[in-house]
Amino acid sequence: MAATNMTQLIKQMAVEAYRAERPSDVIFGTVVGEKPLKIKVSQKLILSEEFLILSNQVRDYETAVTITSGISGIGHSHTVSREKAVIHNGLKKGEQVVMIRQAGGQRYFVIDKVVK
C-alpha cells in the first residue's frame, strides 16, 4: 500500500510541476472594453491592460511614410518623404483577437485580430 501512495504522490507532483510551468499557449479572446482595454478570455478571466503586450496590428501608432504622387504615362511625379502617418489599428469592443500566453501565464501578447 505504501508503494501505491508513493506512486500517486509522484504522479501528482509531476502534474503540478507541469501546470506550474505553464508553457506558452495560443489563446483567443474578445474585446470587452476599449479605454481601458479589457479582453475576455473566459467567463472567469478578463485581462486588463497591465497583462497585455500589443503588436502594431492591434494598436494605433504613428510611423514615417514616403508618398510619391504623379500622373502615370507622362513621367511627372513628386516625392514627399518622411511624412508622419497615423495607423488606426486600435481594438474595438466586440472584436476577437488571437494571443500568445507567455510562459508562466502572467502576460499575454496580442498578435492580431481574428477575421471571420
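**Figure 1. Three salt bridges are counted in this predicted model.** Side chains of opposite charge can pair when their charged atoms come close.

**Figure 2. Asp25 and Arg101 join in a salt bridge.** Their side chains meet at 2.6 Å, N to O. Asp25 belongs to strand β1 and Arg101 to strand β7 (residues 96-101), so this pair ties together parts that lie 76 residues apart in sequence. How do the two partners compare in exposure, buried or partly exposed? Asp25 counts as partly exposed, because its relative accessibility is 34%, which falls between the limits of 20% and 50%. Arg101 has a relative accessible area of 9%, so it counts as buried, the limit being under 20%.

**Figure 3. Glu62 pairs with Lys84.** Here the salt bridge between the side chains spans 3.8 Å, N to O. Distant parts of the chain are linked by this pair: Glu62 sits in strand β5 (residues 61-71) and Lys84 in strand β6 (residues 76-87), 22 residues apart. When you look at the two residues, note that Glu62 is exposed and so is Lys84.

**Figure 4. Glu95 and Lys113 form a salt bridge between a loop and a strand.** The side chains meet at 3.8 Å, N to O. Glu95 lies in the loop between β6 and β7, while Lys113 is in strand β8 (residues 108-113), so parts 18 residues apart in sequence are tied together. Glu95 is partly exposed, with a relative accessible area of 23%. Lys113 is also partly exposed, with a relative accessible area of 25%.

**Figure 5. Six side chains make a nonpolar surface patch.** Val26, Phe28, Ile53, Ile100, Phe109 and Val114 together make a patch of about 490 Å².

**Figure 6. The largest pocket holds about 230 Å³ of space.** Rolling a probe the size of a water molecule over the atoms shows where empty space is left. Which residues line the largest pocket? The lining is made by Glu34, Lys35, Leu37, Glu49, Leu54, Val58, Arg59, Asp60, Gly90, Leu91 and Lys92. By type, this lining divides into six charged residues, four nonpolar and one polar.

Notes
Residues are numbered from 1 along each chain as its sequence is written. This is a predicted model: local features need pLDDT of at least 70, side-chain atom pairs count only at pLDDT 80 or more; totals for chains, interfaces and linings use all residues. Side-chain values use heavy atoms; hydrogens and water are left out. Patches are made of residues with over 30% relative accessible area and no salt bridge: like charges are joined within 9 Å, nonpolar side chains (Val, Leu, Ile, Met, Phe, Trp, Tyr) within 5 Å. Accessible areas come from the Shrake-Rupley method with a 1.4 Å probe; for residues, only the protein chains shown count as cover. A salt bridge is a side-chain nitrogen of Lys or Arg within 4 Å of a carboxyl oxygen of Asp or Glu. On a 1 Å grid over the protein atoms alone, a cavity is a set of points where a 1.4 Å probe fits but cannot get out, and a pocket is an open set with protein on both sides within 12 Å along at least five of seven lines; lining residues have an atom within 4 Å of a point. Grid points are joined across faces, edges and corners, and a volume is the space filled by probe spheres set on the points. Ala, Val, Leu, Ile, Met, Phe, Trp, Tyr, Cys and Pro count as nonpolar, Asp, Glu, Lys and Arg as charged, and the others, Gly among them, as polar. Helices (H or I, at least four residues) and strands (E, at least two) are DSSP runs, numbered from the N terminus. Buried means under 20% relative accessible area, exposed over 50%, partly exposed in between (1.4 Å probe, protein chains only).
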